[in-house]
Amino acid sequence: MTDTSKKFGEPVPGWRAPRTPDFSTLEGQYVVLEKLDADRHAADLHKANSADDEIWDYLPYGPFASAASYHRWARDASKTADPLFYALVDKETGKASGVASYLRISPEAGSIEVGHINLSKQMQGTRAATDAFFLLMRWAFQAGYRRFEWKCDALNTPSRRAAQRLGLSFEGVFRQATVVKGRNRDTAWFAAIDKEWSALEEAFAAWLAPSNFGANNLQRERLSDLTRLVRPGSDPLL
């Protein structure tokens, strides 16, 4: 009798494609993810983004010279279902300070990606930023997705570090994947899968807990230390 266990992938019993994400608000401890709305969010986002044009370096659009031009971009972006854009509203300030989206949404494959990540300088490195990605990842896995992806320009070292800190495993680099703003882009791929989510969720909960922060809001445990044992693939360039 032929042993088929080495010929095919493992069975996925009872597999059913998950639902596509909608624009439901996702609320965490430190941040609220709201459907991007140009009239509600664009002014705050443009003001926050104006502090540093470098945040646009690896995105296919921006920087925006005026609030009106950013408003037009936000209005158009808010109309698409893939990518599906959220505004990241910091609960401490009540202001939108970043955007992120779901994209490459493939329920039939159980795969979904997070991208178009653009965080203002004041949101970068905050608990609100980490909470936002936790919410996006949690929704995806609770909805039944098997794979949660993150891709970035291979030259974008901060983004590569962020992906690993959040528990996503490095899966390789696609050379000459695309052209962005007239320049070649090699793309680094990262992902987490459903089998890893339970441990990752515990890591996020431990890091986000108020008790993890002491005087001057200094963290007691680093999220990268909490997720390191979960992700099987590490980025060799970091």
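Predicted model: local features only at pLDDT ≥ 70, side-chain atom pairs only at ≥ 80, totals over all residues.

Reader: How many residues are in the largest nonpolar core?
Author: There are 47. Trp150 is among those with the most contacts inside that core, along with Leu33, Leu88, Tyr102, Leu136 and Phe148.

Reader: Which elements give two or more residues to this core?
Author: The strands are β2 (31–35), β3 (84–90), β4 (96–106), β5 (111–119), β6 (147–153) and β8 (183–193). The helices are α3 (127–143) and α5 (194–208).

Reader: Which one gives the most?
Author: α3, with twelve residues.

Reader: What about a second core?
Author: It is separate and has 18 residues, including Ala38, Ile55, Tyr61 and Ala96.

Reader: Switching to α1. Which of its residues are buried?
Author: The helix spans residues 38–49, and Ala38, His41, Ala42, Leu45, His46, Ala48 and Asn49 are buried. They sit on the same side of α1, because their arc around the axis is only 160°.

Reader: And what is exposed on the other side?
Author: Asp39, Arg40, Ala43 and Lys47.

Reader: What do the buried ones pack against?
Author: β2, α2 (67–77), β3, β4 and β5.

Reader: Last one. What caps the N-terminal end of α1?
Author: Asp37 does. One of its side-chain oxygens lies 3.0 Å from the backbone nitrogen of Asp39.

Methods:
Residues numbered from 1 in each chain as written. Heavy atoms only, no water. Core = buried A, V, L, I, M, F, W, Y, C linked by side-chain atoms within 4.5 Å. Buried < 20%, exposed > 50% of the residue type's maximum accessible area, 1.4 Å probe, protein only. Helix = DSSP H or I, 4+ residues; strand = E, 2+ residues; numbered from the N terminus. Arc of directions from axis to C-beta. Contact = heavy atoms within 4.5 Å. Polar contact = N/O pair within 3.5 Å; in protein donor to acceptor, adjacent residues only side chain to side chain.
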